[in-house]
Structures are given as C-alpha cells and as structure tokens.
Amino acid sequence: MHITFSGDRNTKLTEEQRAVSITGYVGLNRPDVVDSLNSVVQQLLQQHVRVSRPDDVMHYSRLLMCLPSLYGISSKMVERLFCRHINRNTDMEVLLKELLQNL
C-alpha cells in the first residue's frame, strides 16, 4: 500500500505517519501500522455496507467470511482473470477512455 501525505510541512506527524512518509510503504516490519490501517478499512467497509444495503443486516458479516478465501488467490490469477484481454500492444490511453466511458 502506497501512502502519501500532503499539507503543511510544519504539521506534526505521529510516529506512524513519519514511518510511512519516510519509506512510502507499510509492510510487515510495522505490524502495528498494518493493524491500525486494517481496522480503519474494516470500519469504512462496515459504514459503506450499512448505507448501501440497509435492509441486509448480515451482508457485512458475509463479506468478512469471504476474506480468508480471497487471501489464497494469487495476484497472477487475478491478473489472468481480469486483464487477459489486455496485451502488450494495447494503447493504454484508448483503454482508459473506454473504461471511463463504461462507468
């Protein structure tokens, strides 16, 4: 995960923010940072589910139950599934315009 901070340079950063801004990446060498970011992401997901599916009270729980099986999927498999139509000769500008038009 790549994180950048913007704003006033005189702003006091927490130790966590300083570590991320120096390296630019959060990794297993800082499990406390990973845990705190994970917690924030889960809270945001829960809020989103509550707003987008107010009548389905079990949807968030079902999403969380799917996570362990997603961890086992390799990035190469995801790449093959979703990017197989893209080849090396694809004009990325044209591809991005098509993707944005279909939103």
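This is a predicted model: local features need pLDDT of at least 70, side-chain atom pairs count only at pLDDT 80 or more; totals for chains, interfaces and linings use all residues.
1. Of the 103 residues, 9% count as buried, that is, under 20% relative accessible area with a 1.4 Å probe, where exposed means over 50% and partly exposed lies in between. Among contacts (heavy atoms within 4.5 Å) with a separation of 6 or more, 11% join residues 24 or more positions apart. The accessible surface, by the Shrake-Rupley method with a 1.4 Å probe, comes to about 9400 Å², and 58% of that belongs to carbon and sulfur atoms.

2. Leu70, Ile73, Met77, Val78, Leu81 and Phe82 make a nonpolar surface patch of about 560 Å² (residues with over 30% relative accessible area and no salt bridge, nonpolar side chains being joined within 5 Å). Helix H4, residues 75–83, gives the largest share of this patch, four residues; Val78 lies in helix H4 and is partly exposed at 37% relative accessibility.

3. The count of salt bridges (a Lys or Arg side-chain nitrogen within 4 Å of an Asp or Glu carboxyl oxygen) comes to one. Arg62 pairs with Asp56, their closest N and O atoms being 2.6 Å apart; Arg62 is partly exposed at 40% relative accessible area, and Asp56 is partly exposed at 23%.

4. On reading these values: local features need pLDDT of at least 70 and side-chain atom pairs 80 or more, while totals for chains, interfaces and linings use all residues. Residues are numbered from 1 along each chain as its sequence is written, and side-chain values use heavy atoms, with hydrogens and water left out.

Technical notes. Patches are made of residues with over 30% relative accessible area and no salt bridge: like charges are joined within 9 Å, nonpolar side chains (Val, Leu, Ile, Met, Phe, Trp, Tyr) within 5 Å. Helices (H or I, at least four residues) and strands (E, at least two) are DSSP runs, numbered from the N terminus.
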